[in-house]
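Thanks for coming. Please have a look at it first.

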Amino acid sequence: MAAAKASSEETMELRLQQAQRFKEEGNHSYKEGRFRDAVSRYHWALLQVKGLDPSVPSPLQELGGERPHVTLEQEQALHSIQSDCYNNLAACLLHMEPVNYERVKDYSLKVLERQPENTKALYRAGVAFYHLRDYDKARRYLQEAIGKQPKDANVKRYLQLTESQLSSYHQKEKQLYMGMFG
């Protein structure tokens, strides 16, 4: 039993190391502007840690299988790798045409589940919601981001665009109601 536990911990450690390697390769590709390759590396990193997260139920457990034992340090490394990869995937997708804003939103929200203060994820979620025409949510995320990075020109620009869209929407709504009840 002790040998199985040691083997389980070694397996966990190896998978975390491999995931970290793929993430670093993805970071390198991103810096070189090779976004498709970076996306592939981040996905490989996430595949390495899939099924290891103790906070997520595993189908193997229902079938009597066991998941590797996870120490607190390993769980923190696991969550860090997952958050970094999802955040970096969102960044890559914003550079790739056509931009899949739905996936940018999903990846950013995954990061914010674990790291609600992550400024980059807040900004990317705001950008995604803006392009998905959900201006109220865009404003919410962008206002949180600007609260953390008040001098960030990109956040300011998207917040201004969002406010402009909301203002335009409210003007049209007002005219519509005036026509109905005026």
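Which backbone nitrogen does a side-chain oxygen of asparagine 118 reach at the start of helix 6? That of lysine 120, to within 3.2 Å.

Before going on, some ground rules. This is a predicted model, where local features need pLDDT of at least 70 and side-chain atom pairs count only at pLDDT 80 or more, while totals for chains, interfaces and linings use all residues. Residues are numbered from 1 along each chain as its sequence is written, and side-chain values use heavy atoms, with hydrogens and water left out. Helices are DSSP runs of H or I, at least four residues, numbered from the N terminus.

Back to helix 6. This helix covers residues 119-131, which makes 13 residues. From first C-alpha to last it reaches 18 Å, close to the 18 Å expected at 1.5 Å a residue; the expected span is 1.5 Å times one less than the number of residues. Eleven of the 13 residues are buried, so the helix is mostly covered, where buried means under 20% relative accessible area, exposed over 50% and partly exposed in between, with a 1.4 Å probe and protein chains only. Among the buried ones are Thr119, Leu122, Arg124, Phe129 and Tyr130. After the helix comes arginine 133, with a positive phi near 65 degrees.

Next, the cysteines. Cysteine 85 is buried, at 0% relative accessibility. Cysteine 92 is buried too, at 0%.

Now the charged pairs. The whole structure has eleven salt bridges, a salt bridge being a side-chain nitrogen of Lys or Arg within 4 Å of a carboxyl oxygen of Asp or Glu. I will show three of them.

One is between aspartate 84 and lysine 23, with the closest N and O atoms 2.9 Å apart. Aspartate 84 sits in helix 4 (residues 72-95) and lysine 23 in helix 1 (residues 2-31), so this pair links distant parts of the chain, 61 residues apart. Is lysine 23 buried or exposed? Lysine 23 counts as buried, at 9% relative accessibility, whereas aspartate 84 is partly exposed, at 24%.

Another joins arginine 41 and glutamate 25, at 3.2 Å from N to O. Arginine 41 is in helix 2 (residues 35-49) and glutamate 25 in helix 1, so the pair ties together parts that are 16 residues apart in sequence. Arginine 41 is partly exposed, with a relative accessible area of 27%, and glutamate 25 is partly exposed at 33%. Both belong to a network of salt bridges that links Glu25, Glu32, Arg34, Asp37 and Arg41.

The last pair is lysine 105 and glutamate 102, at 2.6 Å from N to O. Both lie in helix 5 (residues 101-114), three residues apart, about one turn of the helix. An α-helix has 3.6 residues a turn, so residues three or four places apart point the same way. Lysine 105 is buried, at 15% relative accessibility, and glutamate 102 is partly exposed, at 36%.

How values were computed: Helices (H or I, at least four residues) and strands (E, at least two) are DSSP runs, numbered from the N terminus. A polar contact is a pair of N or O atoms within 3.5 Å; within protein, one must be able to donate a hydrogen and the other to accept it, and residues adjacent in sequence count only if both atoms are side-chain atoms.
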